[in-house]
Every structure is written in structure tokens, then in C-alpha cells.
Amino acid sequence: MSDITFHVKRFDPAVDKAPYYQDFVVPVEGSMTVLEALFDIQEKQDGSLAFRYCCRSSICGSCAMYINGRYRLACQTNVAHMGVPRVTVEPLPHVPLVRDLVWDMEDFFVKYEAIKPWLIRNSALPDTEITQSPAERLKLNMPIDCILCAACYSSCPSVWTEENYLGPAALLKAYRFEVDSRDEAGRERMPSWDNERGVYRCHTIANCSEACPKELNPTEGIQWLKGSAVRRRLLGRKK
Amino acid sequence: MSAKDRETANVGSGLWKGLGMWAWLLFRISGLILVGYLFVHVWVISQGRAGVDELNDLFDLFHHPVLVFFELMLVAAVLYHALNGVRIVLMDLGVGIRQHKTVFWAVMVVAAATLAVFAWQALPSIF
């Protein structure tokens, strides 16, 4: 067991004029994660510490934070593996704060919904499941792992500078459905992403791919969408 | 984000340190330099209206070491902007998206080698 100092960014809009940092010393043992350390702080030292979490197994995307200068999920960040005596925990950068480590995800989900993140079917539903070949399913392997933690969204300079830009997460989801062989949206989904607030605001900086805790590549999806728009509009292709 | 939100948002720590970020920033800066240079270039050429001798006198100024150095920096900006532009175009065509850092360093080697040739020519005029 070793004592690790957690340097946590705090902010309560009802009381504080500006955010500040507070240090908490936590005895870390075994495979304790940053999220578990935050629980420890909340239970034993300061019950007012606010943070968001749910699944504790890196599939819900609730606990994405900026930990020691990197975008990480608090629940999959093993404190001992970081190998440092001091861990800085901050909310995701460049997003509006609600309190402490919690930020306002309203805009993020409005943009997510804008791209119609569901399978669109126009033909009659078959009696059995809609089949896919292994090759068709393979195309979904990367985008389907997105857990909507918004690390990419928070890391994107195009999001920082254009508040109406859909952002990498929503566009990756658009890619996920556009590339799906079962999707019959045709051009129905296109107006949401084929514009200056959509894929063309992406300047291929690739911060999103660096930030993604699931090691996905939103840039690749966005570039596919750009190419798809050209193929559809100029060459009359379906995708 | 509202102005109030921007004040409290975790902005300072958000400057991501990825290579793509700096490649993009430098791309924008070199682009602005080239646009600025375009106006200088148009102004210089427009001095030719005064006559051939006047223009030649102006051109003589460009042998000054400081201006030769600036010219070399202009070549560096052109090389960076052009070659990083090639990388961006390749990414837009879906080539090398996952290898974009390797592609970046590859085009930078080409840029550095080309700049070295120009520097070889320019250095005697600077020193």
C-alpha cells in the first residue's frame, strides 16, 4: 500500500467564483483505479466531491476525465500502473462544467441525436433476422465500440472553435450506420453530416483518435463520410 | 459554450499534445504567412510601373542578408505548407489516416532536404 496524492479540480458554481484544486491523500492498494480512489475520497474525506460514473468496467463512457494530462476513463485507469506519486484529476477540457468533474453533456447528445443514430429501414421487416456477411460485419468492428464518453469531442479543436460542429463522436456514429449493410437510409441521413457543421469542419487533426480511451479512429470514419458524399453526389453511387 | 461557461471550463489543460494538433497549427500559421507574403509580392511587382531601373533598384535590396534570410524562411513556409498539404489531401483520399504521423515525418524529411538545397545557395549571401 502506498499513499498517493490526488490533485482534484473542484468547482461549485453556487459557491465558487472560479475552479480550484484540492489535494487528497488516498492509500492505494492492489489494482485500485482512479474511480475507486474518487469513491474513497467521497466516502472518507469529502462527500461533496461530484463525479459521474456508472458501469465501472469501461463500457458506459460516464467517467471520462482528464487524468495526468491524458484523456482516460477513471474506471480503467489503474493508479499503480501510472507509477507516479501524484495524480491530477480534472474534468474533460473545453466543455461547460456543472460541478467538480461533472460537465454538461446536453449539446453533445443533441448533436448525437441529429445524425439519426439508429438503423433506418424502408423495406418490410423480414420474418427472421436481417443477415450480414462476415465481411459486412467486419466494417462495424471499429465504430461499434464507441461508448460515447466524449473524450474525442472534448479534444477536438474544431469543436472548441465552432459550437455547432457535430464533433467526432456523432460523426463516427453516422459512419457506423452509413457503413452498415442493413441500413436503408440512402440519403436520408446525409443532410445532417454533409455540410459545414458536419464532416467538412473536420481538419484531420486526429486529436480524437489520440484521445479515444477505446482506441477507435473517428478521423477514419469522418474521412470515409467525406469520400462517400463525393461518391454519392458526383458518381451517383449508393455509399 | 456561454462566456460564463468558458471562464470555468477546463480550458488550460485541454491543449492536446498530439502531433496532428501541432501539424495543423503550423499549417494554419504558414498559410497566413503565405497570404501575407502574397500582398507584399503584389506590391513589389507593382513597383515595376515606375520603370525598369526603379524595379531593379528595388530588387537589389533583396541581396541584403536579412532579406535573403527572410526569403529562405519563405521557402520553408512554402515547403511546409505544400508538403503537409499533400499529407492532408492523402488523408482526404483515405490514404494513410492511421499512419498520418509517419507520413508527416516522411514529408518533413523531404521538406528538410529541399530546404537544405536552398540554404546551400542562400547561406553565402547571409554570412
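Q: How many aromatic pairs are there over all chains?
A: Rings of Phe, Tyr and Trp (its six-membered ring) pair if their centres lie within 6.5 Å, and planes under 30 degrees apart count as stacked, over 60 as edge-to-face and the rest as tilted. By this rule there are 13 aromatic pairs over all chains; among them, Phe109(A) and Tyr112(A) are edge-to-face, because their ring centres are 6.1 Å apart and their planes stand at 85°. This is a predicted model, in which local features need pLDDT of at least 70 and side-chain atom pairs count only at pLDDT 80 or more, while totals for chains, interfaces and linings use all residues. Side-chain values use heavy atoms, with hydrogens and water left out, residues are numbered from 1 along each chain as its sequence is written, and chains are lettered from A and ligands numbered from 1 in the order in which they are written.

Q: Is Tyr112(A) buried or exposed?
A: Buried means under 20% relative accessible area, exposed over 50%, and partly exposed in between (1.4 Å probe, protein chains only). Tyr112(A), with a relative accessible area of 16%, is therefore buried, whereas Phe109(A), at 33%, counts as partly exposed.

Q: Which residues form one aromatic cluster with Phe109(A) and Tyr112(A)?
A: Trp103(A), Phe108(A) and Tyr153(A) form one aromatic cluster together with Phe109(A) and Tyr112(A).

Q: Where is Glu163(A) found?
A: Helices (H or I, at least four residues) are DSSP runs, numbered from the N terminus. Glu163(A) is found in the loop between helix H6 (157-161) and helix H7 (168-178) of chain A, and at 47% relative accessibility Glu163(A) counts as partly exposed.

Terms used: Helix = DSSP H or I, 4+ residues; strand = E, 2+ residues; numbered from the N terminus.
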